[in-house]
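This report goes through the strands, a loop residue, a disulfide and some aromatic rings, in that order. Please keep the structure in view while reading.

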Amino acid sequence: MKIRNLQLFTLGKNESGMAATEFGLIALPFALILMGAFDLGYQMYVRSVLEGSLADVARTASLENPNFTLAGATLEERVEKTMKQKINSIARNATYTVSIQNFASFSGIGKPEKLTTDVNGNGSFDESDGDCWSDLDGDGLYDATAGRAGVGGASDVVHYEILMTMPRLFPMAKLLGASDRYQISASMLFRSQPYAVQEVPNIVCGVVS
């Protein structure tokens, strides 16, 4: 009996194998934390490269004769292709949405087309009163947003925006109920060089009822 009790006491004091057991308990949560940190770091790196590439492309596009090596029917196409080429080396299986709008000035961004004649002085457009406006996009309609599609021309302010969707670096997001893809966006405002006289939009007036 004494020998048996001594064996049980010795077994209870035996700590061999504890390190492996403890590591087994913390291995999974530690791996998840580590993968999350790598994934976040990779996402920040891709965002930094995306913003830098967009700034470089926007600077080139602002010149009178921008030199893009990639072919395209329009300058906008060459801008988009160049952006994708710069990012594809680090962004795996990414998809892109590129938006380019130009404005006559920084003050016009996010605002309606400028009224030149406000007949009743209420500060808003009333077509029936015959209000006139600066038709920036040339469509003959009063628009709540003054932007035009594309890079525009000399001295125009261009707003570039790119949205990139790509899979996460590790598939651990599903274990936490998150999406297995994330979206990274970058935007840039750049005024084109004054290589010519800035285009002056037509003045259009509403029809008096």
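The model shown here is predicted. Four of its strands make an open sheet in the order S4-S1-S5-S6, and their pairing is antiparallel. At the edges stand S4 (148-149) and S6 (181-191), each of which pairs on one side only. In general, the strands of a sheet are paired by backbone hydrogen bonds, in a parallel or an antiparallel way.

Strand S1, residues 95-103, is joined to S4 by two bridges in the antiparallel sense. Asn102 has Arg148 as its bridge partner in S4. Helix H3, made of residues 75-88, packs on this sheet and touches both S1 and S5 (157-167). The direction of helix H3 makes about 140 degrees with that of S1.

## A loop residue with positive phi

Between S4 and S5 there is a loop, and Ser155 lies in it. Ser155 is not a glycine, yet its phi is positive, at about 70 degrees. Is Ser155 buried or exposed? Its relative accessible area is 13%. The limit for a buried residue is under 20%, so Ser155 counts as buried.

## The three-stranded sheet

A further open sheet has three strands in the order S2-S3-S7, with antiparallel pairing. Strand S2 (115-117) and strand S7 (202-205) are at its edges. Each of these two has a single partner strand, so one side of each has no neighbour in the sheet. On average, neighbouring strands here are turned by 40 degrees against each other, with direction ignored.

How many bridges join S3 to S7? There are four, and the two strands run antiparallel. Strand S3 covers residues 132-135. Ser134 has its bridge partner, Ile203, in S7.

## The disulfide

The structure has one disulfide. It is formed by Cys132 and Cys205, whose sulfur atoms are 1.8 Å apart. The link between Cys132 and Cys205 is right-handed, with 100 degrees about the S-S bond. Which strands hold the two cysteines? Cys132 is in S3 and Cys205 is in S7, so the pair ties together parts that lie 73 residues apart in sequence. Strands S3 and S7 are also joined by bridges, as described above.

Cys132 has a relative accessible area of 9% and is buried, whereas Cys205, at 41%, counts as partly exposed.

## The aromatic cluster

A pair of aromatic rings is described by two values, the distance of the centres and the angle of the planes. In this model the count of aromatic pairs is three. One of them is Phe125 with Trp133, whose ring centres lie 4.9 Å apart and whose planes make 75 degrees, an edge-to-face pair. Trp133 is buried, with a relative accessible area of 3%.

How are the rings of Trp133 and Tyr142 arranged? Their centres are 5.9 Å apart and their planes stand at 85 degrees. An angle over 60 degrees counts as edge-to-face, so this pair is edge-to-face. Tyr142 has a relative accessibility of 24% and counts as partly exposed. Phe125, Trp133 and Tyr142 together form one aromatic cluster.

Methods. Residues are numbered from 1 along each chain as its sequence is written. This is a predicted model: local features need pLDDT of at least 70, side-chain atom pairs count only at pLDDT 80 or more; totals for chains, interfaces and linings use all residues. Side-chain values use heavy atoms; hydrogens and water are left out. Two strands pair if DSSP finds at least two bridges between them. Axes are lines fitted to C-alpha atoms, for helices over the stretch in contact, and angles run from 0 to 180 degrees between N-to-C directions. Contact means heavy atoms within 4.5 Å. Buried means under 20% relative accessible area, exposed over 50%, partly exposed in between (1.4 Å probe, protein chains only). A disulfide is a pair of cysteine sulfur atoms within 2.5 Å. Rings of Phe, Tyr and Trp (its six-membered ring) pair if their centres lie within 6.5 Å; planes under 30 degrees apart count as stacked, over 60 as edge-to-face and the rest as tilted.
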